[in-house]
Amino acid sequence: MTFKNTLAIAVLLFLCHPPKADAQSRQLTVWAMGAEGKLIRQAAEIFERRNPGVKIVTQAIPWTGAHEKLVTAVVGDMAPDISQMGTTWMPEFRAMNALEPLNGFISSSALDTGDFFPGARESNVHREQWYGLPWYVDTRVMFYRTDLAAQAGYNKFPEDWEEFYKFSRALKRSKNGGYAFALPTNDWQIFLMFYWQNGGELLKATPVPYQGLWPSDGQSAPLTAGKFEETIAYLKRFFDEKLAPLEGGHDTDLLTAFESGYFPVFISGPWMISELEISKPQLNGRWATAPLPAGKKRASFMGGCNLVMFKSSPRKALAWQFMEFMAGPEMQAKWYAASGDLPSSRKAWSVPSLSGNPRLASFRKELDTAKAPPQVPEWENIAGNINDAVEEAVFGKVTAQAAREKLSARIEKILVKSERQQSAAFKIALSLLLFMVPVCAVVLYLRGRRASVGGKCQPIAILFLLPAVLILAVFLFIPIVASFIASMTNWNMYGVNDWTKIVFVGLENYVGLFGDPVFLAGLRNTLVFAFIGVPVSVALSLAMALALNAQILRAKAFFRVAYFIPVITTMVAVAIIWRWLYNPEFGLFNLALERLGLPAQSWLSNRWLALPSLILMAVWKGFGYNTIIFVAALQSIPDSLYESIALDGANSRQEFWYITLPMLRNTAFFVIVMTTIGYLQFFAEPYIMTGGGPLNSTMSVVLYMYQQGFKFYNLGYASAMAYILFGLIFAFTTLQFRVQKKLERTF
Amino acid sequence: MATVKRCSTAYKAVFYAFMVVSVIITLFPFVWMLSTSFKSPGEIFTRQPTILPQVWTLAGYKNLFAAVNMWLHLCNSVIYAVSLTALSVLFNAMAAYAFAKLRFPGREKLFALLLVTMMVPGQVTMLPVFLILKSMGLLNSYAGLVLPGSAAVFAIFMIRQFMMDIPEEILEAARIDGFSEFAIFWRIMLPLCRPIIATLTVFSFIGAWNDFLWPLIIMLREDKYTLPVALASINGQYNTDWGLLMAGAVVVVAPAVLVFLLAQKHYIKGIAAGAVKG
């Protein structure tokens, strides 16, 4: 890797815009997510039949990676003509300047945009400009057990807040154990519904740009004073009176808890109807849906998906034709028949299969008043902060008023845009300078005082190193330097697809991180995780490797495979089983405690137990990895060593201390270093099991980095986090190397 | 261990009891996954996970094979995992040999530098790597898919540590016999490193085999999806067909287990040890 090459690639990185794919006039590419991605083929075929010569290529994108896929497709110039898009993602992609404005098409079209539900319109229109068409909608309603309600004396679901509270109390009294209502402590969607019902407003007036928003007239604010506190007070009653669990919402399988009556009432969307019918057929006839109890007014949450056209599409007229076809009432009704997705068009609801379905009646009722969250690109970040604020308030860590004030301040800070402008020349110069600093440092480091080479130098080494080092230089070293530069910029979603929006902010991200309580919590948890996890995991691996190597063991291959199985078992299956082990209602751990006469625990939702529970799971999942490395290393210890020490009359403990352990030195060192690095980058377990909760007690640095980087697209901020973690890992590893050197000298 | 020791029956019993219990703990989720793939939907979420389905059904597998073109995605996965593993073993073992057994200026420093790069969390370099591939025109290509992962500091580190334990005398003897460095690497070092090469093969293969996000964002067309990506795209946003999902998980895990079974045969005692004596 020469200087020139490095430079050339660096320049390419900033300047290159590959040419567009040429337009094939009658072919459209349409992306849709998950099940819709498969079913949309049927709609495409109808369209192709009606428009001979048109070919539609449909492609299914997995939901789990859909957001990343769409962002990288935009950045990589690989976007389709049309895509399905989640309603809360719309402003982000608009901010990236990726979506085609549609007013021109709509004005010359027969499509009646007034036919869409108002909440569905909201997510598509920004300052009177349409950027997408509503495809299907969903909204939230109550699911409840009719038999248990009747047992509590209710033949009808309560219709307002006060009634619902009384109903919950009656329900709890009328049954043994469990709760009345599955109310999560940190779900912004559910909180917002109650808040809206209470007359609260969120980001009511959002002039653009956000600078100068909410003048200090004491009236305008991101949140309505008083309404927020009342909503918290109402919800907190459910927790305080044990009508809903403050701990234990996360780790219970909702369907099973619904069946057992542990949670006889919960809030969910239309997909839950088929889920219940298929998974719990034995419950049929014993449950129903009902509209959410009204507060001062009705308000549910408007979810669903839109169809958007990308700016990069070379066939916009044809693309519009297809979108118009998909959003019209005729196709909407057909789509319901094919997929079960609820139509966004009111006219489509007149077909008998929809209007005649009693379980859908409550959804239809909510759809008229359902609201979409505010249309700001930073929404995901704001939503995360709502979760934290609500959780702190219902746990009683702060008063409702303090929570609202803190949340308001956070939201204002998130929305304030930097007005800083920097010239392109300045930015390029600074980037190059920042790029050259580490590159020069590395070159100086490598060339400086030549390390004394014992014996002769072997130039052939270059050939051995070349492939790996070249690849690492291009795909590891340069990206690392690039992300280091990014950590000193405000790189966010506005800059993902537009380099000119990025400005240098110096050390602002780093300074900000040390004042960010979530990051500090993540740092603390990560350290705890590594300090406990690494010794336990390494010791266990070594013990298991020795057992696998023991002479009396038969069927070694079987046991080796068995220990390695957790490493390869799909995380989804692992998560289900561990959730069951930790289940507060019927989990194995609580059954064991019960036998011992000890009280049951909420393993994953207790602030103090959640992290140790995840450590246990991580050790289980990961120890096989190191075991295999130790097993491989044990094979290379010469038998002659054992024979000679045996002749000296050594016992097996002495064998271990004088032969096995010293011979495993290099491997053990590798394992300890790698395990420490791995545990300090703790991510998968909290990501899947707890999402960082409760109250950030399982938040890790990498999980927070992932959220900031890939959910909120604060790439600069996320990069800064990575370099703080890097500093930490570097310190640990240096320490480990020092210790190893010292040990080597003593032996 | 080498010397035959007389072990009391009681000791053996305790030892085997321990092994069996630990195996139950490690295997349980896997066995549950296997059995769930044969269960009907109503049986999957119960208060107590059951080991055997009450009613055996192949519905999960039938739905799976109906929903995706299994052979196509299996082929894509095999191409990705095998090519990545082959390159990774070759490149990383070569580099490790240089770091462990060849002398050149700056060796320790370069190695330390590589170790340092390993400490940067991989998530932040993903987007820059994507942009570099874009500038090289390698998006939506097998080269773009495979190359970035084909050299790994972790793997170099692992093999180097293993090679360092191989006695220098073996190499010296070979050099005196007129072997070139490549011949020594290919004909002496690699065979001696069989256990660790097997381990790296397993790690690389499983890493690539289970990889999800990278193949998803690099490959444009659905017919280039690898198995995990294709399986993930069957699920709805909220609805999950668990029987199908578990059938998919079994299909994904099975080849990984197979690779491990084949690889672990190479954990043969005493290749290196024998070489020392000889």
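**A dialogue on a predicted two-chain model**

Student: What is the bridge partner of A:Val30 in β3(A)?
Tutor: The partner is A:Ile82. Do keep in mind that we are reading a predicted model.

Student: What makes strand β1 (residues 27-33) and strand β3 (residues 82-86) of chain A a pair?
Tutor: Two strands pair if DSSP finds at least two bridges between them. Strands β1 and β3 of chain A have two bridges, in the parallel sense, so by that cut-off they count as paired.

Student: Why are β2 (55-61) and β11 (342-343) of chain A said to stand at the edges?
Tutor: The open sheet has six strands in the order β2-β1-β3-β10-β6-β11 (chain A), with mixed pairing. β2 and β11 of chain A each have a single partner strand, so one side of each lacks a neighbour in the sheet.

Student: What packs on the sheet, touching β1, β2 and β3 of chain A?
Tutor: That is helix α2 (residues 34-50) of chain A, whose direction makes about 170 degrees with that of β2(A). Helix α13 (residues 316-327) of chain A lies across β1, β2, β3, β6 (133-139) and β10 (302-309) of chain A, at about 155 degrees to β10(A).

Student: Moving to the other chain, why is α30(A) called roughly parallel or antiparallel to α8(B)?
Tutor: Helix α30 (residues 665-680) of chain A and helix α8 (residues 153-164) of chain B pack at about 160 degrees, with axes 8 Å apart. Angles over 145 degrees count as roughly antiparallel, so α30(A) is roughly antiparallel to α8(B). Their crossing is right-handed.

Student: Which residues of α30(A) meet α8(B)?
Tutor: A:Asn666, A:Thr667, A:Phe670 and A:Met674 do, and among their counterparts in α8(B) are B:Phe154, B:Phe157 and B:Gln161.

Student: How confident is the predictor, and where in chain B is confidence lowest?
Tutor: The complex has an ipTM of 0.89 and a pTM of 0.87, and chain B has a mean pLDDT of 85. In chain B, confidence is lowest in helix α15 (residues 271-277), at a mean of 42, and highest in helix α4 (residues 70-101), at 94. Over residues 270-278 of chain B the pLDDT is below 50. Where pLDDT is low, the predicted coordinates should not be read in detail.

How values were computed: Residues are numbered from 1 along each chain as its sequence is written. Chains are lettered from A and ligands numbered from 1 in the order in which they are written. This is a predicted model: local features need pLDDT of at least 70, side-chain atom pairs count only at pLDDT 80 or more; totals for chains, interfaces and linings use all residues. pLDDT is the predictor's confidence in each residue, from 0 to 100. Helices (H or I, at least four residues) and strands (E, at least two) are DSSP runs, numbered from the N terminus. Two residues are in contact if their C-beta atoms, placed from the backbone, lie within 7 Å. Axes are lines fitted to C-alpha atoms, for helices over the stretch in contact, and angles run from 0 to 180 degrees between N-to-C directions. Angles under 35 degrees count as roughly parallel, over 145 as roughly antiparallel, 65 to 115 as roughly perpendicular and the rest as oblique. A crossing is left-handed if the near helix is turned anticlockwise from the far one by less than a right angle, and right-handed if clockwise.
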